[in-house]
Amino acid sequence: MTPSAHFMNKAFEQAAQALFLSSPNPRVGCVIVNDAGQIIGQGFTQQAGGPHAEIMALRDAAAKGNEVHGATAYVTLEPCSHHGRTGPCCDALVAAGIGKVVGALTDPNPQVAGRGFERLRAAGVEVEVGPGAAESRELNIGFFSRMIRGMPWVRMKAASSLDGVTALHNGKSQWITSPEARADGHAWRARACTILTGIGTVLEDNPRMNVREVETPRQPRVAVVDSRLDIPLGAHVLQAPSGCLIYTCSTDQFKIKQLQALGATVIHMPNAAGKVDLAAMLRDLAARGTNELHVEAGFKLNGSLIREGLVDEFLLYQAPKLLGTGAMGIANFGPLDDLNKGLALELHEVARVGPDLRIVARVEGRSAF
């Protein structure tokens, strides 16, 4: 492994610590290395409004009394060049006297998009781009999706038996998979910006849709598809710490005001058929800063999202058991008359979680943006 690849890997170790933290900003890590090949400062992007990875690394070096003048900064994404909640990181690196910046990838944010690298070069800083590009895009797949497509990365989670059963004919579904699988699922919730469910799930299970099985510094926002505003005022999702978004077709002002009084945001977003416009909802969620959307819904909403081509990735947990016919599946999708009309997927990852199987599968060609 080359020194450049080694130190970029160290920067990715830092970036991984921002997995549950930095939303809606990208997960970025930075390490600063002196001429002797020693890491003299490191850091990762903090919560929105907090310091970015480069600033944390510079602060770490200063706290340790390390001189960064002429050193090399390895960053997992292009240093920002615009004034947002924080100042431009490229300017901070220049002011600190950094001699070289190795960046994994150009930032897809139109406010940056190469300008950070340009300003570094204009200031006399040597710039190298490329090591770790695929890893950076993968770590920030939702951020890239939002910036390039104007849509969040939509990940649909489901737990089933090996024959695809998610609930028995009588509706019983707790618990098909193991405690290990449930904890793992909460880790995937924690990395999302927003968790989406449907009114059917809310009425049947009254879920909290929060992260409980793993430690997280930030709870995702919750969104509910509720065409008729049937949501009870005592629904647990209305107590979501990061807020609850309700997408509806209803114009019932009395119910809307009741929900708003509880802190919910009600968004009127009907389509021509009198249902919630799901594609418009995704664009709205992106505009509200959603990078990764984690879907935990019933087979009706799941089916609608699949039929409209709005799902990017499936997170499937399968228990080693068979639950037979007459039960409920993952999605109300089909029946199909032709095998070629099935939704083609690419296996991204297959792993064992406790006694269960975790499959991450992506819609064919969807990750190529």
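A search of the whole structure, a predicted model, finds 1 aromatic pair (ring centres of Phe, Tyr or Trp, the last by its six-membered ring, within 6.5 Å). Select Phe-7 and Tyr-74: their ring centres are 5.4 Å apart and their planes stand at 40 degrees, so the pair is tilted (under 30 degrees would be stacked, over 60 edge-to-face). Phe-7 sits in helix H1 (residues 3-15) and Tyr-74 in strand E3 (residues 72-75), so the pair ties together parts 67 residues apart in sequence. Helices (H or I, at least four residues) and strands (E, at least two) are DSSP runs, numbered from the N terminus. Phe-7 is buried, at 9% relative accessible area. Tyr-74 is buried too, at 9%. Buried means under 20%, exposed over 50%, partly exposed in between (1.4 Å probe, protein chains only).

Next, select Trp-175 and Arg-182. Arg-182 lies over the face of Trp-175, 4.3 Å from the ring centre (the rule: NZ of Lys or CZ of Arg within 6 Å of the centre and within 35 degrees of the ring normal).

Move on to Leu-343. This residue is in the loop between strand E12 (313-319) and strand E13 (345-353). Leu-343 is partly exposed, at 34%.

Zoom out to the whole chain. There are 11 helices and 14 strands. Buried residues make up 51% of the 369 residues. The C-alpha trace spans about 65 × 50 × 35 Å along its principal axes.

Residues are numbered from 1 along each chain as its sequence is written, and side-chain values use heavy atoms, without hydrogens or water. Local features need pLDDT of at least 70, side-chain atom pairs 80 or more, while totals for chains, interfaces and linings use all residues.
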